[in-house]
Amino acid sequence: MLSDSQRATYSWQLDIPGLGEAGQSRLGETTALVSRVGGLGGPLAMSLAAAGIGRIILVHGGNLHESDLNRQTLMSRDWIGRPRADCAAETIARFNPEIEVVPVDENFTQDNAERLVEMADIVFDCAPLFEERFLMNKECVRTQKPLIDSAMYSMQGQVFVVIPGATPCLACIYPEIPGHWRRQFPVIGAVSSMVAQIAAIEGIKLLTGIGKVCLGELIMIDSGKMDFTKVKLAPKRGDCGVCGALRECS
Amino acid sequence: MGADSEEIELGQNESIQSLLKGLAERGGKDFAEIVIDGDGAPRRTLLVAVDGQQIIDLDEPLDIGVVEITLIPPISGG
């Protein structure tokens, strides 16, 4: 049941076919974890907040640098040197004071993976390192929680939805950590924000049942040519070291 | 390779594996590093789609009617 204030805030989206008060309530009851809150995770978290996700956990270790400001749109120049999770939480809390925002000044590691994923109903993976993405994937598969994985490089983007047991997982499509990846990647905020919105939409569709979630498909964005394509993925691998033992479900 | 797409006529019994070997030989070191490993086998991290569908067996001869082969290297910026 929505409050009068919620009904007013979300009145323009309640008319989306299939959403309604029931879908809006589901969003409000959801805890989403977003890791990290940079060029991709920041705009994504903001869109989740705008949509009315009730509780958002922002996972990001480290302080804001000047070189983050071309893309990390939840930040502000006068916050350089402050923890980015706190900055992102402050921006989002000001934007939507009706939701709960939980900053976590840590990156995803083996040591905190279980604790962090346990707090969430759905995980949005926006980390720039394969090691973190693989950890999130593994923990989501173990706890059977949905994962929306997103990544970008230069003018390219990829978004991929993992429903443990029903779709391939990240380790099915990338059975090992790629060796060629370098920590610093070319990025302009307009592209990372666009990829973020696609991931946010997939999550909102999954939570509310509106539209059709791209399950078993890799969404590919080439903003250089404005091409959007989907590749139909092979079924989850029986020999996958992460999800192979899970029974197929629909 | 300096190009994001290229038209290629498939040879008889051409597989993705043989195709990648040929592309790697003329594509330069950086491209080769992404698509094949030190033994000349396709990288396990390279996702390959044929006409929009991921294929797993990269050694299988390709259907002569194939229209589009997509090589998708992993990316991880955020």
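Biologist: Which residue in strand 5 of chain A does Val123(A) stand opposite?

Modeller: In this predicted model, Val123(A) faces Leu147(A) of strand 5 of chain A. Val123(A) also has a bridge partner in Leu33(A).

Biologist: What makes strand 4 and strand 5 of chain A a pair?

Modeller: Pairing asks for at least two bridges between the strands. Strand 4 and strand 5 (residues 147-153) of chain A are joined by 3 bridges, and they run parallel, so they qualify as paired.

Biologist: And how do you know that strand 1 of chain A pairs with strand 4 of chain A?

Modeller: By that rule of at least two bridges. Strand 1 (residues 31-35) and strand 4 (residues 122-125) of chain A share 4 bridges and run parallel, so this is a pair too.

Biologist: Which element carries the chain from strand 4 of chain A to strand 5 of chain A?

Modeller: Helix 6 (residues 130-143) of chain A does, in a right-handed β-α-β crossover.

Biologist: Why is that crossover called right-handed?

Modeller: Because, with the strands pointing away from the viewer, the path from the first strand over the helix to the second runs clockwise.

Biologist: How do you know what span to expect for helix 6 of chain A?

Modeller: The rule is 1.5 Å times one less than the number of residues. Helix 6 of chain A has 14 residues, for which 20 Å is expected, and its first and last C-alpha lie 20 Å apart.

Biologist: What makes you call helix 6 of chain A mostly covered?

Modeller: A residue is buried if 20 or more other C-beta atoms lie within 10 Å of its own. In helix 6 of chain A, 11 of the 14 residues are buried, among them Phe130(A), Arg133(A) and Cys140(A). The cover includes strand 1, helix 5 (113-118) and helix 7 (170-173) of chain A. Just after the helix, Gln144(A) takes a positive phi of about 55°.

Biologist: Now to chain B. Why does its radius of gyration agree with a compact globule?

Modeller: Because a compact globule of 78 residues would have a radius near 12 Å, and chain B has 12 Å. Buried residues make up 21% of chain B. Along the sequence, chain B follows the pattern α-α-β-β-β.

Conventions:
Residues numbered from 1 in each chain as written. Chains lettered and ligands numbered in written order. Predicted model: local features only at pLDDT ≥ 70, side-chain atom pairs only at ≥ 80, totals over all residues. Helix = DSSP H or I, 4+ residues; strand = E, 2+ residues; numbered from the N terminus. Rg over C-alpha atoms; globule rule 2.2 N^0.38 Å. Buried ≥ 20, exposed ≤ 12 C-beta atoms within 10 Å, placed from the backbone. Contact = placed C-beta atoms within 7 Å.
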